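Me: I would like to learn how to read the features of a structure like this one, starting with its sheets. Could you take me through them step by step?

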Amino acid sequence: MSDAFAAVDLGASSGRVVVGRFHQGELELDVVHRFANEPVRVGGTLHWDILALYRGVVEGLREAGPVRGIGIDSWAVDYGLIDDDGALLGNPVHYRDARTDGIAERVRDIYDVCGLQTLPFNTVYQLIAAEPTAQYAAAHRLLLIPDLLAYWLTGEIGAEYTNASTTGLLDVRTREWSWPLISELGLRSTVLPPIRHPGDRIGLYEGTPVIAVGSHDTASAVVAVPADGSDFAYISCGTWSLVGLELDHPVLSDASRAANFTNEGGVDSTIRYLRNVMGLWPLQECLREWGSPDLPALLAAAASKPELAHVVDLDDPVFLPPGDMAGRLRKTAGLPADADRPTVVRCILDSLALAHRRAVRQAQELAGRQVSVVHLVGGGARNELLCQLTADACGLPVLAGPVEATAIGNLLVQARAAGVVEGGLDAMRALVRETQQIVRYEPVVSTAWDDAATRVGR
Ligand code: ADP
Ligand code: LRH
């Protein structure tokens, strides 16, 4: 088994189990299992297919063979409720479901407590939506998605800190559940399990230790940003683009609140100061509608379209829910109904690069920090056009990769807990730099990006 560990990484678009082997300063990755993550609409509500995901996890762990540890991460904010017997109450609801529409507007501003960007689907708003239901009344515990899967594997209950920091119910200063806020909102404190931290041992699955990692996928991705030093911005680019900086302390100023920047908890007591940008979700949705055409061919065709001819403000919540994405884009961008697919794709990528630029600039202003490079990790690092456009838009070099940063961050935290890797974030990042492929994109500076920013009014 040598020094092998298994990372279970569930993204909103797919799941995978990755085995990482650490040997004499090398890290060899093997994606042993990939599986689809396909939400299901039942009775008007959009759900995750949690049992299909669990099957993918178990099959992947079987493929992984003997390992020294297992770590689980997934997208944030969503949860399952279990009853007194430990049985799951209903299928976890997808954060893009409409049940939280209008809830955030009804609740007092809680930025001073949790330091989070107001997103309609933050757990706190989902719980307020669920509060009148029989299911919530019957709930014994709330388990965030990675904690639910870890519970099924080990029988142990807990709430991993980095993911708990996305709920809106954690106090950003004390890093504990905010009991006063929970009671003020009329939520039941007993459903929230004790907090555990990356590196803690959760329990055993068939004799193998399950280790808490940065179970929020973005927290694990940030661990594996191959930065040298601290003057970098990161973009964790997949279904979402999480764009920001790594800080020692939260920024809770009025300007930060107004710009809707978030202070999420990171590995090793860092703060992930970032903004959720719509990411590759609009592209994913268009591809789904179009019957999954070949992506590289479509991107090549989009690359030959004129730059910045059509841009939209991708942060507009109109793009949040699933369905008829190309139609919404054409309408917002003022594109003719018969605009071809490469034109729509080009509009998405130009607009995404513009949104990246805005968030990178705002993060620096709000945190009072200057960066010299932008690291782009996740599936988006495979999109050469997007990486180049992001460099051009930001006027900064983009270092793209690793694609599987989240799984690598997950593996590194486990390996460190087992004593196989030593040191802090700097040491872990040096290992990523030395062992993974990273591509550099130099910016082509142009005032066209300033004009485009003016056109979308941001
Ligand atoms: P998540 O973790 O949110 O599910 P990923 O980090 O796996 O997302 O990234 C998925 C995205 O990666 C897809 O939406 C797609 O746009 C991009 N991607 C995947 N493969 C390619 C490819 N061959 N070329 C360009 N982009 C790709
Ligand atoms: C990315 C992510 C992001 C959250 C969103 C719900 O996968 O975890 O950090 O805001 O999903």
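Me: In which order do the strands of the open sheet of six strands lie, and how is the pairing described?

Reply: As a general idea, two strands pair if DSSP finds at least two bridges between them, and strands (E, at least two residues) as well as helices (H or I, at least four residues) are DSSP runs, numbered from the N terminus. In this predicted model, the open sheet of six strands has the order β3-β2-β1-β6-β12-β11, and its pairing is mixed. Since β3 (26–36) and β11 (201–205) stand at the edges with a single partner strand each, one side of each is left without a neighbour in the sheet. From one strand to the next, the twist averages 25 degrees, where axes are lines fitted to C-alpha atoms (for helices over the stretch in contact) and angles run from 0 to 180 degrees between N-to-C directions.

Me: Before we go on, what should I know about the numbering and the confidence limits?

Reply: Residues are numbered from 1 along each chain as its sequence is written, while chains are lettered from A and ligands numbered from 1 in the order in which they are written. Because this is a predicted model, local features need pLDDT of at least 70 and side-chain atom pairs count only at pLDDT 80 or more, whereas totals for chains, interfaces and linings use all residues.

Me: Which way do β6 and β12 run, and how many bridges join them?

Reply: Strand β6 (residues 70–74) and strand β12 (residues 208–211) run parallel and are joined by two bridges, with Val210 of β12 as the bridge partner of Ile70.

Me: What is the strand order in the open sheet of seven strands?

Reply: The order there is β15-β16-β14-β13-β17-β18-β19, again described as mixed in its pairing. The edges are held by β15 (262–265) and β19 (439–441), each with a single partner strand, so one side of each is left without a neighbour in the sheet. Neighbouring strands of this sheet are turned by 30 degrees against each other on average, direction ignored. Three bridges join the parallel strands β17 (residues 373–377) and β18 (residues 398–400), and Val374 stands opposite Val398 in β18.

Me: Which domains does the assignment give?

Reply: Domain bounds come from an automatic or database domain assignment, which here gives domain 1 (3–215) and domain 2 (225–401 + 438–458). Taken over C-alpha atoms, the centres of the two domains are separated by 25 Å. Contact means that the C-beta atoms of two residues, placed from the backbone, lie within 7 Å, and on that basis 20 residues of domain 1 are in contact with 19 residues of domain 2. On the side of domain 1 that touches domain 2, α3 (111–114) and α7 (161–164) are the elements that give two or more residues.

Me: Which residues are closest to ligand 1?

Reply: A residue counts as near a molecule if its C-beta atom, placed from the backbone, lies within 6 Å of it. Ligand 1 is surrounded by 17 residues, the closest being Gly11, Ser13, Gly238, Thr239 and Gly379. Among the helices, α11 (281–289) and α12 (295–303) each supply at least two residues of this shell, and α12 gives the most, with three residues. Domain 1 and domain 2 each contribute at least three residues to the shell around ligand 1.
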